[in-house]
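Subject: A structure for you to look at

Hi,

I am handing over a structure that will be new to you. Please have a look at it below, and then read on for what turned up.

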Amino acid sequence: MTYSSATYAWVKVAALIDDACASLCDSREHDDPLVHRIWRLGSEALLMTPMPHVDLRDAYKVLPQAVGDPRDLLLRAEELTRAHPIEEFPPGASMVIAELIDVARNLSGR
């Protein structure tokens, strides 16, 4: 099956959110409310992908795990969303994007 450029971008967004969560888990307790919020955000984004039941890196081998500051990873994810009109993303994507921006803003105040 062939997917649109926006679909591939959304998969990358979900992967970057997941990577930000993993990176944050390295520096915070697993029961930290911000860790839970980012984990939930990544789960929501993943469920909007065409194959939510498949690990992103198994489905898309071109997605190595991103490492770095969690805020930077979230900002990279948000930047990917600006490359396409919101209508090209799955329904509900605008809510994920809005929360993504809010979470990145909260991380800058840590």
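Here is what was found, beginning with the overall make-up and ending with single residues.

This is a predicted model, in which local features need pLDDT of at least 70 and side-chain atom pairs count only at pLDDT 80 or more, while totals for chains, interfaces and linings use all residues. Residues are numbered from 1 along each chain as its sequence is written, and side-chain values use heavy atoms, with hydrogens and water left out.

**The chain as a whole**

There are 5 helices and 0 strands in the chain. Here helices (H or I, at least four residues) and strands (E, at least two) are DSSP runs, numbered from the N terminus. Starting at that end, the order of elements reads α-α-α-α-α. Of the 110 residues in the chain, 42% are buried; buried means under 20% relative accessible area, exposed over 50%, and partly exposed in between (1.4 Å probe, protein chains only). Among contacts (heavy atoms within 4.5 Å) with a separation of 6 or more, 75% join residues 24 or more positions apart.

Two packed helices are described by the angle between their axes and the distance between the axes. Axes are lines fitted to C-alpha atoms, for helices over the stretch in contact, and angles run from 0 to 180 degrees between N-to-C directions. Angles under 35 degrees count as roughly parallel, over 145 as roughly antiparallel, 65 to 115 as roughly perpendicular and the rest as oblique.

Let me start with α4 (residues 70-81) and α5 (residues 93-108), whose axes come within 9 Å and cross at roughly 150°. That makes α4 roughly antiparallel to α5. The crossing of α4 and α5 is left-handed, a term used if the near helix is turned anticlockwise from the far one by less than a right angle (right-handed if clockwise). On the α4 side, the residues in contact are Pro70, Arg71, Leu74, Leu75, Ala77, Glu78 and Thr81, and they meet Ile97, Leu100, Ile101, Val103, Ala104, Leu107 and Ser108 of α5. Sorted by class, this contact of α4 with α5 has 10 nonpolar, 2 polar and 2 charged residues. In this sorting, Ala, Val, Leu, Ile, Met, Phe, Trp, Tyr, Cys and Pro count as nonpolar, Asp, Glu, Lys and Arg as charged, and the others, Gly among them, as polar.

Next come α2 and α5, which pack at an angle of about 155° with their axes 11 Å apart. α2 and α5 are therefore roughly antiparallel to each other, and their crossing is left-handed. Leu34, Arg37, Ile38, Arg40, Leu41, Glu44 and Ala45 of α2 make the contact with Val96, Glu99, Leu100, Asp102, Val103, Asn106 and Leu107 of α5. The classes in the contact of α2 with α5 are 8 nonpolar, 1 polar and 5 charged residues.

For α1 and α5, the axes come within 13 Å and cross at roughly 30°, so these two helices are roughly parallel to each other. α1 also passes α5 in a left-handed crossing. Here Trp10, Ile17 and Leu24 of α1 meet Ala93, Val96, Ile97, Leu100 and Leu107 of α5. The contact of α1 with α5 has 8 nonpolar, no polar and no charged residues.

Val13 sits in helix α1 and counts as buried because its relative accessibility is 1%. Leaving out residues up to four places away in sequence, Val13 touches Ala77, Leu80 and Thr81. Its C-alpha atom is 8.8 Å from that of Leu46, 33 residues apart along the chain.

Thr49 belongs to the loop between α2 (33-47) and α3 (56-59). At 5% relative accessibility, Thr49 is buried. A polar atom of the Thr49 side chain lies 2.6 Å from the backbone oxygen of Leu46. With residues up to four places away in sequence not counted, Thr49 touches Trp10, Val11 and Ala14.

Asp32 is in the loop between α1 (5-27) and α2, and it is buried at 18% relative accessibility. The Asp32 side chain reaches the backbone nitrogen of Leu34 at 2.7 Å.

Finally, Leu75 is part of helix α4 and counts as partly exposed, at 30% relative accessibility.

How values were computed
Polar contact = N/O pair within 3.5 Å; in protein donor to acceptor, adjacent residues only side chain to side chain.
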